[in-house]
Amino acid sequence: MLRRAYAAAGGWGVGPADGALEVLENEELPASQRRRGAALVQLSSVDGRLHVVHDGDGTFVAVGDFPYGAGLLLRGSDHAETITDAAAAALRRFVAGMRLAEEQAAAPRARILAGRLSRIAGGAQTLEGMARAGAELAEQITQRGAALVLAADDGARVLVVSKAADRRLAGLALSSEAPVVRAIATGVPIVTRGGEDVFGAGVPERRRSERAGTAYPLADGGVVIGALVLLGPPFEPDAAVFDDLGPLIAELGPRLAAGRAVHDAERRAVVDPLTGLRNRREFERTLEAYGTGTQAPATLVYIDLDRFKQLNDTLGHAAGDAALKHVARLLEAAVRDGDLVARIGGEEFAVWLPRTPHREGMDVADRIRESVAGTTWHWSGSPYPLTTSCGVAAYPEPIGDVRNLPAAADAALYRAKQAGRNRVEKASRSD
């Protein structure tokens, strides 16, 4: 009804127990816009804010009130403010209606818990912020240290810990044998006692009383996405704490799933999936932002993996992918916090060094070249040499316009290749 009222190309809703909603004018709406509409509604459901995003020939409007959210894709990218405000107000009424319809049948205690969690989360817009709110509320309810563990394709990791828990656990990657990981895999709570650490072997050494704990799986529908871990001995099955703890566990699963969906969508937009570095689009966005009204020096280094096609043809694409990931890690180790390393092509990388003059940029490029050439890369148990060629361009000398740095660095890189590879060349004013 809302879609028709505003002649929108699409409409989305999340939160109802019977599943997410998507209503399209027709099936010809591009998949990219459908995904973006759904992601923005998920984001609004998590952070509770109004989001207005112009996208080509359309404008997305999304609002939310966790766990509910709704949004429209209005035609045209230059809507009058009154139309956008009217659509947002109508969407808020729709979200309020979804909440009212389901809360009339919900347990009062669960509603109170959801309100407490929302108040603690405040304006948190990130997955980590939501998780931290849940861990702190769990500590308030149980008077125990708490941690939130999130499952991932490559295992599980401690996302956050509450104030009373060991801070060294935050960010820790966990073994597949860890009790908490087994709880995630089976969907069944697991309790440890005595010297067995709920986070598994190899974690920071702690007192025996701090190793015991209970891992409660967190699910979104039928999918377990992580676990809430409470440190200390287990509670009795009929303990009064479960009056609040049970609704909290039920609330956290969908909330974290929504936050992770937004986090993953945002990450895919800026990260190269193979190497984990920033992608070309994010590199270009960063360069463009720096070039707006600044006179601070900066250096751009283009790096190309030498004879990569030969490596691919000889050892196969899996080996080529492994070599690219190996080089990516070396590039990350060669730069400072605040610098940007991106994969901008098949075997081509860019290192953006803001506030870095030409001489220092050349030093970084030399360090990168020496690091790759001097670090042995192995494939199938055998060592293979890798080398790189680098082109360096700096602003404001010798390149007077930040926008010209990529072309200048590319020209310098070409000269490095032509001069025999495994070398660094710098750009000149003529590039």
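What follows is a walk through this structure, from the whole chain down to single residue pairs.

Bear in mind that this is a predicted model, in which local features need pLDDT of at least 70 and side-chain atom pairs count only at pLDDT 80 or more, while totals for chains, interfaces and linings use all residues. Residues are numbered from 1 along each chain as its sequence is written, and side-chain values use heavy atoms, with hydrogens and water left out.

Let's begin with confidence. The predictor scores each residue from 0 to 100, and that score is the pLDDT. The protein chain averages 87, with 91% of its residues at 70 or more. Over residues 119-124, though, the pLDDT is below 50, and beyond near neighbours in sequence this stretch has eleven contacts in the model (a contact means heavy atoms within 4.5 Å).

Now the overall picture. The C-alpha trace of the protein chain spans about 75 × 65 × 40 Å along its principal axes. There are 13 helices and 18 strands in the chain; these are DSSP runs numbered from the N terminus, with helices being H or I over at least four residues and strands being E over at least two. Of the 431 residues, 47% count as buried, where buried is under 20% relative accessible area, exposed is over 50%, and partly exposed is in between (1.4 Å probe, protein chains only). If you take the contacts with a separation of 6 or more, 58% of them come from residues 24 or more positions apart.

Start with the sheet that contains E1 to E5. This open sheet has five strands in the order E2-E1-E5-E4-E3, with antiparallel pairing; two strands pair if DSSP finds at least two bridges between them. E2 and strand E3 (51-55) sit at the edges with a single partner strand each, so one side of each is left without a neighbour in the sheet. On average, neighbouring strands here are turned by 10° against each other, direction ignored. (Axes are lines fitted to C-alpha atoms, for helices over the stretch in contact, and angles run from 0 to 180 degrees between N-to-C directions.) Follow E3 into strand E4 (residues 58-65) and you'll find antiparallel pairing over five bridges, with histidine 54 partnered by threonine 59 in E4. Helix H2 packs on this sheet, touching strand E1 (10-14), E2, E3, E4 and E5, and its direction makes about 30° with that of E4.

Next, some charged pairs. The structure holds 22 salt bridges, each one a side-chain nitrogen of Lys or Arg within 4 Å of a carboxyl oxygen of Asp or Glu. One of them joins arginine 75 to glutamate 25, with the closest N and O atoms 1.8 Å apart. Arginine 75 lies in strand E5 (residues 68-75) and glutamate 25 in the loop between strand E2 (21-24) and helix H2 (31-47), so the pair ties together parts that are 50 residues apart in sequence. Arginine 75 is partly exposed at 39% relative accessible area, and glutamate 25 is partly exposed at 41%. Glutamate 27 and arginine 34 also meet in a salt bridge, at 3.6 Å from N to O. Here glutamate 27 is exposed at 61%, whereas arginine 34 is partly exposed at 26%.

That brings us to helix H5 (residues 127-142). Its 16 residues should span 22 Å at 1.5 Å a residue, and the end C-alpha atoms are 23 Å apart, which agrees; the expected span is 1.5 Å times one less than the number of residues. Twelve of the 16 residues are buried, so the helix is mostly covered. Among them are Leu127, Met130, Leu137 and Ile141. Just after H5, glutamine 143 takes a positive phi of about 60°.

Glutamate 136 is on the buried list too, at 12% relative accessible area. Its salt bridge partner is lysine 163, with the closest N and O atoms 3.6 Å apart. Lysine 163 is exposed at 65%.

Finally, look at the other five-stranded open sheet, with the order E13-E14-E12-E17-E18 and mixed pairing. Strand E17 (residues 388-395) runs parallel to E18, joined by three bridges, and glycine 391 stands opposite glutamate 425 in E18. Helix H13 (residues 405-418) lies across strand E12 (298-305), strand E14 (348-354), E17 and E18, running at about 145° to E17.
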